[in-house]
Amino acid sequence: MNLLEQLPITQDLLYIIAGVYVLLCLATVIVSLMRRGQAPEKHLELWLRVKSWWYMITIFTFAICINRALSVIFLGLISYLALKEYLSMIPTRRADRRVLFWAYIAIPLQYYWVYSGWYGMFIIFIPVWVFLFLPFRMVLKGETDGFLKAIGTLNWGLMMTVFSLSHAAYLIVLPETASENHTPIFDKSGAALLFLLVLLTQFNDVAQYVWGRLIGGPKIIPKVSPGKTWVGFLGGIISTALLSMLLSLVISPMSLHMAALAGVIISFTGFIGDVTISAIKRDLKVKDTGSTIPGHGGLLDRVDSLTYTAPVFFHFLRYFYY
Amino acid sequence: MLLVRPLVLIGLGINIRNRKALPTQGPAVIIANHNSHLDTLVILSLFPLSLLSRVRPVAAADYFLRNPFLAWFATKIIGIIPIQRATKGGNPLHQAFEALRNNEILIIYPEGSRGVPEELTKFKKGISLISKKFPEIPITPLFLHGLGKALPKGDAVFVPFFCDIFVGNAQLWEGEKDLFMQKLEAQITDLSKQGHFPEWD
């Protein structure tokens with residue numbers, strides 16, 4: 001196991017990743033059986049979704065397994081794509097092109113603070129410095145029509161797509177920056193925490209969808225956000241809590257009942273993130289935030305729950321354990 | 001162009017509707033609305049690499065040949081067909097005709113200039129001259145949205161925005177210039193109405 005020693009992951013995490021692939025194979029087989037002998041357009045969206053999961057899980061696994069710089073760059077890229085999707089979707093002002101440019105510049109900076117483990121800067125950069133700078137830049141241009149709406153929508157988008165999501169990245173460096181007297185150690189538990197967060201969040205999305213469909217409504221292919229039934233919601237909470245208890249004992253410092261609590265929190269906040277983005281889509285009268293991921297819609301459709309679960313799970317862990 | 005493709009995908013991102021209506025071989029003509037230098041790069045990125053050298057943007061000679069470096073880049077890398085906007089005798093479309101005879105695909109911006117971002121202006125008649133001479137060559141209209149926001153005329157700062165592309169069904173010459181022009185203009189306007197675009201002003 002010489003190779004494994006050089007990678008930023010532990011052996012336990014490797015087993016869990018293998019487990020995820022087993023689940024994925026299972027899902028692929030089930031959907032193939034569902035489509036067997038049917039017209040090709042039957043369950044097509046479901047099939048595209050499963051296919052996209054293969055790509056997403058593989059890319060994500062690579063991104064966290066190779067090295068830390070790559071993991072942080074990868075998550076920065078996710079933030080960038082999410083912000084781009086958001087800014088392409090909302091009304092913006094012609095006069096604000098340069099302001100949007102500066103908003104994009106905030107992304108590499110924010111992820112650099114993450115990479116260097118500078119918690120103080122990471123936690124205030126967007127809510128304080130960028131928050132104060134962007135209206136200043138906007139004022140310099142002198143266009144006052146629609147000023148409040150422009151700065152409000154821009155700041156909200158940055159908080160959701162960059163500030164919130166960067167908490168997921170900070171999980172990688174959390175264990176070692178929290179270690180006493182700041183001796184530079186290479187701690188592999190961070191990648192596992194990130195994996196745990198993303199796995200539980202996405203598992204919850206799928207669990208809410210599956211429970212909602214199994215019990216909630218027969219023969220409906222939900223077009224927007226599935227699993228908005230009570231059954232889906234409660235089923236998601238229970239499933240996610242159980243999975244969290246199973247996994248957290250292996251790859252996190254949490255005890256059994258804290259792991260259950262973490263699962264409930266992730267499930268609940270994931271649901272809020274999902275419906276928040278849905279509310280915005282309905283406001284803007286669009287169905288998906290984009291078409292980047294076949295079967296899923298835009299990237300923002302996929303990371304909507306993560307915008308809520310990442311900061312909440314992060315602060316939960318940090319408060320109790322680091 | 002190998003470099004441009006990932007840059008277009010990451011820097012911009014493309015949502016394309018009715019992609020199958022794009023021509024897969026020459027001779028063919030593509031017409032599109034024009035808002036940005038990015039238009040050409042994005043349209044070129046829609047074609048497979050094997051076809052790329054046969055896709056030729058028709059562009060203004062006075063602009064793109066104004067200095068040697070730009071001229072080299074435009075003609076050798078992008079492969080433009082330069083045309084003289086102010087003619088002094090001779091047929092300015094001569095090279096374009098030649099390209100079509102070589103089974104190449106032309107990209108033409110009938111608005112003639114990038115103009116005000118995200119606004120359509122009246123089409124110039126060059127396209128009807130081409131179509132009249134080659135009535136059997138299909139003309140495929142494209143409507144592009146978002147690139148005028150990303151890099152408008154007169155601005156050097158690029159800001160990432162998703163780009164929407166609507167491909168219309170190909171048209172053939174119908175024998176009467178004004179009617180034909182009106183039809184093409186109407187088609188691009190219709191394509192633009194398929195989209196749901198956020199406000200930008």
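The notes below take these look-ups in turn.

I worked from a predicted model, in which local features need pLDDT of at least 70, side-chain atom pairs count only at pLDDT 80 or more, and totals for chains, interfaces and linings use all residues. Residues are numbered from 1 along each chain as its sequence is written, chains are lettered from A and ligands numbered from 1 in the order in which they are written, and side-chain values use heavy atoms, with hydrogens and water left out.

Helix pair. I looked up α4(A) (residues 68-89) and α5(A) (residues 97-116), whose axes come within 10 Å and cross at roughly 155°; the two helices are therefore roughly antiparallel (an angle over 145 degrees). I noted the contacts (heavy atoms within 4.5 Å), where residues including V72(A), L75(A), Y80(A) and L83(A) of α4(A) meet residues of α5(A), among them L100(A), Y104(A) and I107(A). The residues of this contact divide into 13 nonpolar, 2 polar and 2 charged, with Ala, Val, Leu, Ile, Met, Phe, Trp, Tyr, Cys and Pro as nonpolar, Asp, Glu, Lys and Arg as charged, and the others, Gly among them, as polar.

Cysteines. C25(A) is partly exposed at 38% relative accessibility, whereas C163(B) is buried at 0% (buried is under 20% relative accessible area, exposed over 50%, partly exposed in between, with a 1.4 Å probe and protein chains only).

Glutamine. I placed Q202(A) in helix α8 (residues 189-216) of chain A and noted that Q202(A) is buried, at 11% relative accessibility. Leaving aside neighbours within four places in sequence, Q202(A) is in contact with W53(A) and R302(A).

Key: Axes are lines fitted to C-alpha atoms, for helices over the stretch in contact, and angles run from 0 to 180 degrees between N-to-C directions. Helices (H or I, at least four residues) and strands (E, at least two) are DSSP runs, numbered from the N terminus. Angles under 35 degrees count as roughly parallel, over 145 as roughly antiparallel, 65 to 115 as roughly perpendicular and the rest as oblique.
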